[in-house]
Amino acid sequence: MNHIGIMGGTFDPPHIGHLFIASEVLAQLKLSEIWFMPNNIPPHKDRKYNVTNEQRVEVLSLALEDHPAFKLQLLELKREGPSYTYDTMKILQEKYTNTVFYFIIGGDMVEYLPHWHNIDELIKMVTFVGVKRPGYAFPSQYPLIEVDIPQLDISSTMIRKRLQEGGNTMYLLPEKVRNYIEEKQLYGTKEGSRTS
Ligand code: ATP
Ligand code: MG
């Protein structure tokens with residue numbers, strides 16, 4: 001049996017919080033790989049900044065490059081319309097028969113679990129792994145494995161704001177990601193605003 005973790009998200013952009021969580025869960029649960037699965041953002045969706053799905057994938061692949069067990073999973077990105085985790089996991093389980101999947105979520109998602117599409121079925125299909133996140137409660141009426149990880153109070157929202165304001169992002173983003181974002185001036189990054 002393969003034991004594989006999946007992290008779904010917008011990764012807009014991916015930050016060290018995502019990577020740290022993934023590496024900790026990988027180590028603590030002795031998984032063989034972590035698959036990062038970006039969701040699809042329809043091009044017409046009203047967004048304050050101009051980052052395409054292709055650019056999000058490019059940035060995410062740069063973020064994963066240094067870790068041999070981190071992989072990109074593009075199933076949701078390539079599918080039209082909204083992706084429900086339930087549908088995605090059904091497809092993956094049919095395709096990868098000798099695999100146990102662990103779906104990794106932060107505290108905000110743990111709080112939101114009751115509202116997930118088909119949650120009662122989904123919970124029987126996959127093992128959820130929850131990690132605490134500052135500012136979010138961690139109650140769960142659902143069974144999940146809690147992995148204890150030093151908490152980082154960082155988010156993509158906070159990083160986008162810093163990029164727009166020319167604030168410091170060093171050590172919050174992998175260096176390759178920082179460089180790419182600056183080079184392409186994604187998220188409203190202003191040229192020459194970087195101080196380090
Ligand atoms: P945004 O601010 O745009 O929502 P985000 O930082 O929450 O970005 P997402 O792509 O939305 O990142 O999150 C993907 C997954 O990673 C979610 O399960 C989320 O809970 C988790 N996650 C992200 N950052 C952290 C963090 N600092 N601590 C714990 N979990 C996190
Ligand atoms: Mg989020």
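**View 1. Lys 30, in the loop between H1 and E2.** In this predicted model, Lys 30 has a phi near 55°, a positive value in a residue other than glycine. Helices (H or I, at least four residues) and strands (E, at least two) are DSSP runs, numbered from the N terminus. Lys 30 is exposed, with 8 other C-beta atoms within 10 Å; a residue counts as buried with 20 or more other C-beta atoms within 10 Å of its own, exposed with 12 or fewer, and partly exposed in between, the C-beta atoms being placed from the backbone. A word on conventions: residues are numbered from 1 along each chain as its sequence is written, while chains are lettered from A and ligands numbered from 1 in the order in which they are written. As this is a predicted model, local features need pLDDT of at least 70 and side-chain atom pairs count only at pLDDT 80 or more, whereas totals for chains, interfaces and linings use all residues.

View 2. Most residues other than glycine have a negative phi, and most peptide bonds are trans. You'll find Pro 13 in the loop between E1 and H1.

**View 3. The open sheet, six strands in the order E3-E2-E1-E4-E5-E6.** The pairing is parallel, and two strands count as paired if DSSP finds at least two bridges between them. At the edges sit E3 (70-72) and E6 (145-146), each pairing on one side only. E1 pairs with E2 in the parallel sense over six bridges, and Met 7 has Phe 36 of E2 as its bridge partner. Six bridges also link E1 to E4, again in the parallel sense; here Ile 6 stands opposite Phe 103 in E4. Carry on to E5 and five bridges join that strand to E4, the two running parallel. Phe 103 turns up again here, opposite Phe 128 in E5.

**View 4. Helices H1 and H2 against the sheet.** H1 lies across E1, E2, E3, E4 and E5, running at about 160° to E1. Axes are lines fitted to C-alpha atoms, for helices over the stretch in contact, and angles run from 0 to 180 degrees between N-to-C directions. H2 packs on the sheet too, touching E2 and E3, and its direction makes about 160° with that of E2.

**View 5. The largest nonpolar core, with 35 residues.** Such a core is a set of buried Ala, Val, Leu, Ile, Met, Phe, Trp, Tyr and Cys residues joined through C-beta atoms within 7 Å. Which members touch the most others? They are Ile 6, Ala 22, Ile 34, Phe 36 and Ile 104. Two or more core residues come from each of E1 (2-9), H1 (16-28), E2 (33-38), H2 (53-64), E4 (99-106), E5 (127-131), H7 (156-165) and H8 (175-184). Zoom in on Ile 6: leaving aside neighbours within four places in sequence, Ile 6 is in contact (C-beta atoms, placed from the backbone, within 7 Å) with Trp 35, Met 37, Gln 73, Phe 101, Tyr 102, Phe 103 and Ile 104.

**View 6. Where H2 meets H8.** The two helices pack at an angle of about 150°, with axes 8 Å apart. That makes H2 and H8 roughly antiparallel to each other; angles over 145 degrees count as roughly antiparallel, under 35 as roughly parallel, 65 to 115 as roughly perpendicular and the rest as oblique. H2 contributes Gln 55, Val 59, Leu 62 and Ala 63 to the contact, and H8 brings Lys 176, Val 177, Tyr 180, Ile 181 and Lys 184. By class, that's six nonpolar, one polar and two charged residues (nonpolar: Ala, Val, Leu, Ile, Met, Phe, Trp, Tyr, Cys and Pro; charged: Asp, Glu, Lys and Arg; polar: the others, Gly among them).

**View 7. Glu 58 in H2 and Glu 182 in H8.** Glu 58 is partly exposed, with 16 other C-beta atoms within 10 Å. Its C-alpha atom is separated by 9.2 Å from that of Val 177, 119 residues apart along the chain. Glu 182 is partly exposed as well, with 17 other C-beta atoms within 10 Å. Leaving aside neighbours within four places in sequence, Glu 182 is in contact with Thr 189 and Arg 194. From Glu 182 to His 18, 164 residues apart along the chain, the C-alpha separation is 20 Å.

Methods:
Contact = placed C-beta atoms within 7 Å.
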